[in-house]
Amino acid sequence: MELNTLKKQLQEHLGDGLVLIVGSGLSCAEGVPGMATLGHHLVTHIPASLSPEDTKLWEDIHPLIEKDGLEAALLKYAPSASLEAAIVQSTGEFIANAEANIISEVFNKSRTLRLTKLIPHLLKPDAGIPIVTTNYDRLAELACEEAGLGVDTMFCGHFAARLEPQDSYWSFCRSVKLVGRNVRYKFAMKANVFKPHGSLDWYHREGNPVRYAGALPLPRLIITPGLNKFRSGYESPFDKHREKANDAIDKARRFLIIGYGFNDDHLETHLTPRIKSGVKTVILTFALSPKARDIALENKNVIAAEFREEAGTSGACFIVDGLEIFYPGVDYWDLDGFVKGVLSA
């Protein structure tokens, strides 16, 4: 396929009914540690003050983290509640530190987030742009605000925000007009950001979830990988975010999937069947996971791009119509390159 023909197809993809699925690959591209780096951090930073039982369990888990990866280790040995709390605390602090450095660069104008560059090229539906992300960091929310959008996370309040989806929804209403017998509401442009794995700014307070933007010496509400992930997903506020994410996926007319490996049980029950049913899909990532590759090769409604180097020349390998095509000197697999090369050309 000619590159210009491919570019035209990619440009036309960003139409009505688009849902963005954002995985850890996009945050990694901005400088947030990936799973391997996080695993190494946990091995070296889980506190020595664990109980004897947790210490014994951790001694079983941590050699597997370096050998097989964090998720595989936590799938083999489910941590106790107290060990999981230690993992959550260490994970949250580690990612928050990286996130703070990135936010500082955005604030002092030395960096523009990739997602911020994409948003001007997207249609802005009245109901908001749906963004489903498995990431704990707040870079998606920041990127949207930097691009001039409001962000609806279903929490309402500026300092100690409560999970109140209806109040949050109506907070974006800007005017009401009677047209004949119909009431018309005008809403501010916004993104609806659904986070089924939690967020660095979610905490528990008196048994209820609360959103607070700063760091507190309290457990963050984030779901770590492993055997406990599915159980935790049915607790508040994860359940509400998962339901809304799945609802957006069920109604999508097209998907733009960025840095996501198709390895999350919470989303896969809805996302993969929708793609296999024929919903047009574009996948951008540094390296396609085995599951993502299979989906791209087996479904002709999917276009996928990843980094590839052939004969010393770097470029992008696209899967189009179930076939792999290498385009040298092209970086459309990266959202930055995609915006510059496909949408701004």
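User: What makes D264 a cap for the N-terminal end of helix 12?

Analyst: This is a predicted model. In it, a side-chain oxygen of D264 lies 3.0 Å from the backbone nitrogen of L267. A polar contact needs an N or O pair within 3.5 Å. The pair qualifies, so D264 is said to cap that end.

User: How do you know what span is expected for helix 12?

Analyst: Helix 12 covers residues 265-276, which is 12 residues. The expected span is 1.5 Å times one less than the number of residues. That gives 16 Å, and helix 12 reaches 16 Å from its first C-alpha to its last, close to the expected value.

User: Why are the buried residues of helix 12 said to line one face?

Analyst: H266, L267, E268, L271, T272, R274 and I275 are buried, meaning under 20% relative accessible area. Seen down the axis, the buried residues fall within an arc of 160 degrees, so they line one face of helix 12. The face turned away from that buried side carries T269 and K276, both exposed. Just after helix 12, G278 takes a positive phi of about 115 degrees.

User: What lines the largest pocket?

Analyst: The largest pocket has a volume of about 850 Å³. Its lining has 42 residues, and the closest to its centre are G23, S24, G25, M35 and G259. The lining divides into 20 nonpolar, 15 polar and 7 charged residues.

Definitions and conventions. Residues numbered from 1 in each chain as written. Predicted model: local features only at pLDDT ≥ 70, side-chain atom pairs only at ≥ 80, totals over all residues. Heavy atoms only, no water. Helix = DSSP H or I, 4+ residues; strand = E, 2+ residues; numbered from the N terminus. Buried < 20%, exposed > 50% of the residue type's maximum accessible area, 1.4 Å probe, protein only. Arc of directions from axis to C-beta. Polar contact = N/O pair within 3.5 Å; in protein donor to acceptor, adjacent residues only side chain to side chain. 1 Å grid on protein atoms, 1.4 Å probe; cavity = no way out; pocket = protein on both sides within 12 Å on 5 of 7 lines; lining within 4 Å. Points joined across faces, edges and corners; volume = space filled by probe spheres on them. Nonpolar A, V, L, I, M, F, W, Y, C, P; charged D, E, K, R; others polar.
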